[in-house]
There are 2 protein chains.
Amino acid sequence: MRRIRILVAYDGTDYCGWQIQPNGITVEEVLNDKLSKLTGEDIHVIGASRTDSGVHALGNVAVFDTESPIPPERLGYALNQKLPEDIVIVRSEEAPLDWHPRYQKQVTKTYEYHIYNAAFPNPLKRRYSAFVSYPMDIEKMRKGASFLVGEHDFVSFCNVRTNVEDTVRRIDGIEIDKKGEDITIRVTGNGFLYNMVRIIAGTLIRVGRGFYIPEKVKEILDVKERTKAGVTAPPEGLVLVEIKYDCQGLEGRE
Amino acid sequence: MRRIRILVAYDGTDYCGWQIQPNGITVEEVLNDKLSKLTGEDIHVIGASRTDSGVHALGNVAVFDTESPIPPERLGYALNQKLPEDIVIVRSEEAPLDWHPRYQKQVTKTYEYHIYNAAFPNPLKRRYSAFVSYPMDIEKMRKGASFLVGEHDFVSFCNVRTNVEDTVRRIDGIEIDKKGEDITIRVTGNGFLYNMVRIIAGTLIRVGRGFYIPEKVKEILDVKERTKAGVTAPPEGLVLVEIKYDCQGLEGRE
């Protein structure tokens with residue numbers, strides 16, 4: 001028996017997220033199905049990040065156990081032959097049998113939130129960015145974002161459905177870049193609450209278009225109340241870019 | 001009766017190209033259908049560029065005639081309400097009744113061909129770029145492209161199915177840029193033969209990966225023989241970016 005660690009990229013548009021659920025097809029389900037066919041075993045992957053419906057990933061991490069004689073490094077290639085085009089195994093390798101993608105200490109995750117900011121939507125951007133037609137002030141967004149960096153109780157930036165008890169997280173940095181009509185919010189931290197990055201993005205979009213002053217971000221953080229609906233930015237703009245484990249092994253995308 | 005000129009952007013992935021044909025849905029057909037519903041008339045658009053199946057556009061141009069009382073500038077907004085997400089009217093305006101998008105002199109067209117060049121495919125790029133896993137030498141591609149600039153008989157760079165008699169065209173410039181894993185070939189000229197940009201892209205990809213030396217491009221140009229299949233790059237990488245008319249009016253994307 002070996003434990004195999006895989007780095008998984010996917011276009012989340014046509015999936016009901018990572019985690020298996022009764023109402024639609026998920027990335028986890030497709031991986032289990034194709035891996036089971038490939039190995040002839042009953043395979044169940046365990047994912048690092050259970051991304052939401054419509055959210056994308058370039059570097060999600062998962063593990064599974066197998067008796068397969070296929071060398072660990074070749075399993076990714078073999079699996080890619082069976083997977084649909086919108087899921088790609090970027091790397092596969094052997095991991096210690098007790099290595100679990102969600103129970104490692106010293107993890108940093110990086111997400112990007114993409115915005116297409118122009119007078120008209122661009123049909124080539126619609127699957128991978130949120131469309132904002134209002135003019136956006138990037139400097140104000142950066143100022144607003146600066147209040148979030150550091151260790152804080154982010155309870156105001158999580159969905160009311162969150163049931164975790166500890167809502168303190170550390171954000172290491174938020175970079176906001178604009179190239180032409182494309183705005184990218186890049187957030188790195190040690191963990192994120194449910195919908196946290198999308199609520200941060202939704203809030204910073206409001207700052208960018210002048211609906212909130214930048215200091216409103218600090219005010220929301222300080223009030224420590226679970227967010228009511230309305231500022232969660234849509235899923236298509238979100239990409240899980242990288243999960244960095246402090247231990248040996250899989251560190252992001254090649 | 002008024003003639004309305006529209007600037008049309010579309011994701012060509014799910015269309016059998018621009019021009020109406022019996023085997024699948026086309027952009028022209030969707031526009032005719034939605035415009036006819038919007039105006040209550042039997043509308044037939046005339047497009048500037050009959051892009052191929054799977055090819056995208058940010059700035060295709062079309063005209064149609066209507067008695068509709070909707071102001072010309074508002075027709076685009078009204079039509080966008082009815083169109084699927086993958087077709088967007090970026091602008092609409094009145095044009096002279098004799099203005100035809102294919103019979104104007106002094107036109108320049110710009111196409112971009114997008115390549116994703118990495119060890120593994122990226123599921124977020126697959127709809128809008130060709131995947132090339134071989135290392136690519138951009139300087140060699142630029143050198144190869146330089147032989148194509150100017151007025152030439154491009155018969156070697158058109159598909160065997162082409163039936164035009166005059167195969168002389170002028171290429172004003174070919175820019176090749178690389179940002180991370182994204183390579184863009186941007187070609188501007190006064191007109192393009194059937195599949196010409198995709199054959200240029202396919203040829204330059206061979207130069208980039210070292211399969212052809214750059215001088216091979218000049219050799220292919222000089223031999224003046226209709227291309228046999230094999231170097232036409234796939235449609236998903238191609239975007240019609242802009243059509244510039246020297247007369248007044250619609251000049252590219254806002």
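I started with the helix pair: H1(A) passes H2(A) in a right-handed crossing. A crossing counts as right-handed if the near helix is turned clockwise from the far one by less than a right angle, and as left-handed if anticlockwise. This is a predicted model, in which local features need pLDDT of at least 70, side-chain atom pairs count only at pLDDT 80 or more, and totals for chains, interfaces and linings use all residues. Residues are numbered from 1 along each chain as its sequence is written, chains are lettered from A and ligands numbered from 1 in the order in which they are written, and side-chain values use heavy atoms, with hydrogens and water left out.

**Entry 1: the helix pair**

I looked up the axes of H1 (residues 27–39) and H2 (residues 72–82) of chain A. They come within 10 Å and cross at roughly 110°. The axes are lines fitted to C-alpha atoms, for helices over the stretch in contact, with angles from 0 to 180 degrees between N-to-C directions. Helices (H or I, at least four residues) and strands (E, at least two) are DSSP runs, numbered from the N terminus. H1(A) and H2(A) are therefore roughly perpendicular. That label covers 65 to 115 degrees; under 35 is roughly parallel, over 145 roughly antiparallel, and the rest oblique.

Next I listed the contact residues, where contact means heavy atoms within 4.5 Å. H1(A) brings Leu31(A), Lys34(A), Leu35(A) and Leu38(A), and H2(A) brings Leu75(A), Ala78(A), Leu79(A) and Lys82(A). By class, the contact of H1(A) with H2(A) has six nonpolar, two charged and no polar residues.

I also checked Ser36(A), which lies in helix H1 of chain A. Ser36(A) is buried, at 18% relative accessible area. Buried means under 20%, exposed over 50%, and partly exposed in between (1.4 Å probe, protein chains only). Leaving out residues up to four places away in sequence, Ser36(A) touches Glu41(A), Asp42(A) and Ile43(A).

**Entry 2: strands**

I turned to E1 (residues 2–10) of chain A. Eight bridges join E1(A) to E4(A), and the two run antiparallel. Two strands pair if DSSP finds at least two bridges between them. Arg5(A) stands opposite Glu93(A) in E4(A). E1(A) is also joined to E3(A) by eight bridges, again antiparallel. There, Ile6(A) stands opposite Ala62(A) in E3(A).

How many residues of E1(A) are buried? Eight of the nine are, so E1(A) is largely enclosed by the rest of the structure. E4 (residues 87–95) of chain A is mostly covered, with seven of its nine residues buried.

**Entry 3: positive phi**

I found Asn195(A) with a positive phi of about 70°, although it is not a glycine. Asn195(A) sits in the loop between E9 (182–189) and H4 (196–208) of chain A. Its relative accessible area is 12%, so Asn195(A) is buried.

Lys224(A), also not a glycine, has a positive phi near 50°. I placed Lys224(A) in the loop between H5 (215–223) and E10 (238–245) of chain A. Is Lys224(A) buried or partly exposed? At 47% relative accessibility, Lys224(A) counts as partly exposed.

**Entry 4: Gly54(A)**

I found Gly54(A) in the loop between E2 (46–47) and E3 (56–66) of chain A. Gly54(A) is buried, at 12% relative accessibility. Gly54(A) and Gly237(A) are 183 residues apart in sequence, yet 8.9 Å apart in space, C-alpha to C-alpha. Setting aside neighbours within four places in sequence, Gly54(A) is in contact with Gly12(A), Thr13(A), Tyr15(A), Gly17(A), Pro235(A) and Glu236(A).

Key. Ala, Val, Leu, Ile, Met, Phe, Trp, Tyr, Cys and Pro count as nonpolar, Asp, Glu, Lys and Arg as charged, and the others, Gly among them, as polar.
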